[in-house]
Amino acid sequence: MSGLVLKLGPGERLLVNGAVIENGDKRSRISILTPKANILRLRDAIHPDEANTPVRRVCYIAQLVLSGDAEESQAKRQILSGIEQLSQVFCDHDSKQALTKGTGAALEGDYYKCLRHLRTLLPREDRLMAQYS
């Protein structure tokens, strides 16, 4: 049996197909068996004011699809365009791999995986931004 397995801390919240779910007092593990369910850990959510860098903006668009606040086909175009632009800056092997996996996930309509792959670029982006500020 495959699917997404989430390990949740006490009181942790997540969004599943538009419903906010809160874990109880103990750590738990939840298996999501429904393919292409829209899932977003609220601790990982990017606030609109924080979508102020190229990677964060693309992540935010993926997040909007997961929360049901963006139309998928339009968001997919924006995500793919954003990834194409990011590929002009992130040229190292690991970044290219993350962008390739993010592209594949977006093309498959798996925005949770897309977001997960793109988030790996955030520390690199932070370092680049710090060099030029």
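Biologist: What makes the contact between arginine 43 and aspartate 44 a salt bridge?

Modeller: A salt bridge is a side-chain nitrogen of Lys or Arg within 4 Å of a carboxyl oxygen of Asp or Glu. The N to O distance for arginine 43 and aspartate 44 is 3.9 Å, so the pair meets that definition. This is a predicted model, in which local features need pLDDT of at least 70 and side-chain atom pairs count only at pLDDT 80 or more, while totals for chains, interfaces and linings use all residues. Residues are numbered from 1 along each chain as its sequence is written, and side-chain values use heavy atoms, with hydrogens and water left out.

Biologist: Which other salt bridge does arginine 43 form?

Modeller: Its partner is glutamate 12, with the closest N and O atoms 3.3 Å apart. Glutamate 12 also meets arginine 41 in a salt bridge, at 2.5 Å from N to O.

Biologist: Why is arginine 41 called buried?

Modeller: Buried means under 20% relative accessible area, exposed over 50%, and partly exposed in between (1.4 Å probe, protein chains only). Arginine 41 has a relative accessible area of 9%, so the residue is buried. Glutamate 12, at 10%, is buried as well.

Biologist: How do you know whether arginine 43 is buried or exposed?

Modeller: Its relative accessibility is 57%, so arginine 43 counts as exposed. Aspartate 44, at 25%, counts as partly exposed.
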